[in-house]
Amino acid sequence: MPTVYLVVPCYNEEEVLPETVRQLTEKLASMEKRGLADEKSRMLLVDDGSRDATWSLIQKFSQENPRVCGLKLAHNRGHQNALLAGLMTARQYADCAVSLDADLQDDVDVIDQFVQKFQEGCDVVYGVRNKRETDTFFKRTTAQGFYRFLKLLGVEVVYNHADYRLMSRRALDALSEYRETNLFLRGIVPLIGYRSDYVYYDRKERFAGESKYPLKKMLSFALDGVTSFSVKPLKFISSLGILVSLGSVLGLLYALISHFTGHTVEGWTAIVCSIWLLGGIQLLCVGVVGTYVGKIYSEVKARPRYRIEQETGRLEPRTGQPGEKGL
């Protein structure tokens, strides 16, 4: 039987955490009875610098429940870094790791199917939503538009897949070789290239608490996804520059012809409009280039993506595999 770790990033999840631990404990016990997970399987709760009682609850549950382990990051590093911290820790102990959110919107019952496909030889199993009826119209429309936009830019992503997935130890080892500071795991994991499959499920309503991804964070996350995996926006700027230059040449020829034929009309409307148009295009282009330059600045500094402050629960590295305190 494989050792399965359930990796759960947590940020201010004190309202939902007791129910999350209860359901995942029952799931691990059920999987053990069915021969899908051994007794060393655990849930690994990663506290991403929460400001509420999340870490206190994790410590309490780890003392009462041998299946619960926890990591506390030294600072809030965001969902993707917290998830990476959990996965990189889990690869020291597990045969495979399943990542899921703490809000219980991901259907925990399909974890059995994940592991079954792992046993059949898959290194990566993606959880894909059948539908998004629990999302608001705005979130559903923008999310689906985002996936299509990434596809248009040539980014390899799985449509309607978030971060609910299983990864084998081999896949986790491969993931550890990707050193980006600006993380977008939904784009990185498909690049690994090992055998993969899909499990389809219906997403539920959030059990308790509120979403940790407001519009501002969603836009920032989308921007990371685009700029981390595609240079097409930069190519678009080049094409736009060529088109504007050609248009300017045609405008110059028209102005010269009008001048020599005596059809010039004095006026400032066309001049003002053209100045505003070109000025706006230039600022937009500079902004896009600046975004890429900013990401380069973050990458070349090569700062640690996270740092683990505390651990709780029964975490014992495999022989010859020291624990990683920061990546």
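In which segment does Thr 3 lie? Thr 3 belongs to the segment before strand E1 (4-10), where helices (H or I, at least four residues) and strands (E, at least two) are DSSP runs numbered from the N terminus. The model is predicted: local features need pLDDT of at least 70, side-chain atom pairs count only at pLDDT 80 or more, and totals for chains, interfaces and linings use all residues. Residues are numbered from 1 along each chain as its sequence is written, and side-chain values use heavy atoms, with hydrogens and water left out.

**Surroundings of Thr 3**
- Thr 3 counts as buried because its relative accessibility is 7%; buried means under 20% relative accessible area, exposed over 50%, and partly exposed in between (1.4 Å probe, protein chains only).
- Beyond residues up to four places away in sequence, Thr 3 touches Asp 38, Lys 40, Ser 41, Tyr 93, Ala 94, Asp 95 and Cys 96, contact being heavy atoms within 4.5 Å.

**The sheet and its helices**
- Eight strands form an open sheet with mixed pairing, in the order E7-E5-E6-E4-E1-E2-E3-E8; two strands pair if DSSP finds at least two bridges between them.
- E7 and strand E8 (308-312) are the edge strands, each with a single partner strand, so one side of each has no neighbour in the sheet.
- Strand E5 (residues 124-129) pairs with E7 in the parallel sense over six bridges, and Tyr 126 has Tyr 198 in E7 as its bridge partner.
- H3 lies across E1, E2, E3, E4, E6 and E8, at about 155 degrees to E1; axes are lines fitted to C-alpha atoms, for helices over the stretch in contact, and angles run from 0 to 180 degrees between N-to-C directions.

**Buried helices**
- In helix H3 (residues 79-90), eleven of the twelve residues are buried, including Gln 80, Asn 81 and Leu 87.
- Helix H7 (residues 185-192) has seven of its eight residues buried, among them Arg 186 and Pro 190.
- Gly 193 follows H7 and has a positive phi, near 90 degrees.

**Nonpolar cores**
- The largest nonpolar core has 36 residues, and Leu 6 and Leu 45 have the most contacts inside it; a nonpolar core is a set of buried Ala, Val, Leu, Ile, Met, Phe, Trp, Tyr and Cys residues joined through side-chain atoms within 4.5 Å.
- Among the elements giving two or more residues to this core are E1, helix H1 (17-33) and strand E2 (42-47); H1 gives the most, with five residues.
- Leaving aside neighbours within four places in sequence, the contacts of Leu 6 include Leu 24, Leu 28, Val 98 and Ile 111.

Conventions: Expected span 1.5 Å × (residues − 1).
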